[in-house]
Amino acid sequence: MDRMTEGLSADVAYKQLLERQALPPQGGAGPLTPPPFDAKAQLIDVSGAHAFTPPSSSDARGMCPGLNALANHNYLPHNGVATITQFVDATTKVFGMGADLATFLATYGAVVDGPLVSWSIQGGPHVGIGGSHGNYESDSSPLKSDLFQYGSNGKLVMSQFKTLYDMQPDAATANYNIDVLRDFRLKRFQESIDKNPLFVYGPFTGMAVSQAAFTFIYRFMANHSAEFPEGKLNKDVLKSFMSIQGPEDNLKWVPGSERIPSNWYRRNTLDAYTIPYFLTDVLYFTAANPQLTLVGCNEGKVDTYQAIDATTLSNGAYTAEQVAANPLCFATEFALAELPLLTGLTTTLLSPLTNVLNSVSKNMNCAKIGSVNTTALAICPGFGLYGGPTAAVAPGAIQS
């Protein structure tokens, strides 16, 4: 674990990284200064050992299209079960994810929904991504189904894909950038309120994980070039990564066949998508919809969404204004305080994850949450329903 956290504890280097990437929200235009483009370094090999190989019936494929693609191209083990180190190495090498963000996400998954050192990109009840509903995987995914709306959190809902796809009608100019995904995020958030009686937008699952699912689409799937060094995500590349096949009038989802396109160039490593970079995207999204900085839920029926006071949840550590200023601080600190209750693990077993979370919190100057008060979440019948990948459809759920 020391090797993976080394970069997080190197304060001087990390502060330099923050200075370089602590930019105001940029929207679809990317950084104010376009990143460099290095064709040789950024081209991802999809031949030979990394040629596309569809999964067998014994291979795990799950909710995250990016991880599915990595497994299909053998950048992750083809069976879909990988160690923390393998997740970090693959996501940084292929997508240009910052080591800080990659370590954070991989460690959280392995400790909370795996055997501490690895986890599955699919999983089963209480195991892997598929079984982590309510503590990692969450409602209001960009394209995948809400668990209690459809009885599954692994189904791609074609109406959701079509909503996103149709937001860029001209194939010649289509670019599913951060501006497009911000608008799509608001549509999906409202759709979960309107159709999922047990919709929950939690402190960590909502503000961090659910948010990441939207920004990651553009930040990690866009194709980079000399003309578009900040990246451009067109229709064909989007379809390839989302395992959508067929002509415009007959699009179909082929489960588990997510594919890295030929002639696809990742982010430059000098423009790695780090936690501070992710924070600028989060703030850009919340500027358009401050509701995304408020924990909340439906109260057992559709369109009964209620926001829940952050001050109550954090026992006075955070006000609503502090959460709005840095939602990731609140999400990270809430996760830290909640971990013993959530997992039942000892301090020693949790230490690999708490060390990473503490490093993230320290580098963002987050106010600590000594303890959490979840009594306010009693209005949320969906809050305590940890599970997946399948469940009973909630009474009153509306399916598209």
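Tutor: The lining of the largest cavity has 26 nonpolar, seven polar and three charged residues. Here Ala, Val, Leu, Ile, Met, Phe, Trp, Tyr, Cys and Pro count as nonpolar, Asp, Glu, Lys and Arg as charged, and the others, Gly among them, as polar. This is a predicted model, in which local features need pLDDT of at least 70, side-chain atom pairs count only at pLDDT 80 or more, and totals for chains, interfaces and linings use all residues. Residues are numbered from 1 along each chain as its sequence is written, and side-chain values use heavy atoms, with hydrogens and water left out.

Student: What volume does the largest cavity have?

Tutor: A cavity is a set of points on a 1 Å grid over the protein atoms alone where a 1.4 Å probe fits but cannot get out; lining residues have an atom within 4 Å of a point. The volume is the space filled by probe spheres set on the points, which are joined across faces, edges and corners. For the largest cavity it is about 760 Å³. Of its 36 lining residues, the closest to the centre are Cys64, Pro65, Leu67, Ala213 and Phe216.

Student: Which helix gives the most to this lining?

Tutor: Helices are DSSP runs (H or I, at least four residues), numbered from the N terminus. H10 gives the most, with eight residues.

Student: Why is H10 described as largely enclosed?

Tutor: Buried means under 20% relative accessible area, with a 1.4 Å probe and protein chains only. Because 16 of the 17 residues of H10 are buried, the rest of the structure largely encloses this helix.

Student: How is the second largest cavity lined, by class?

Tutor: Its lining has 11 nonpolar, one polar and no charged residues, and its space is about 90 Å³.

Methods
Buried < 20%, exposed > 50% of the residue type's maximum accessible area, 1.4 Å probe, protein only. Helix = DSSP H or I, 4+ residues; strand = E, 2+ residues; numbered from the N terminus. 1 Å grid on protein atoms, 1.4 Å probe; cavity = no way out; pocket = protein on both sides within 12 Å on 5 of 7 lines; lining within 4 Å.
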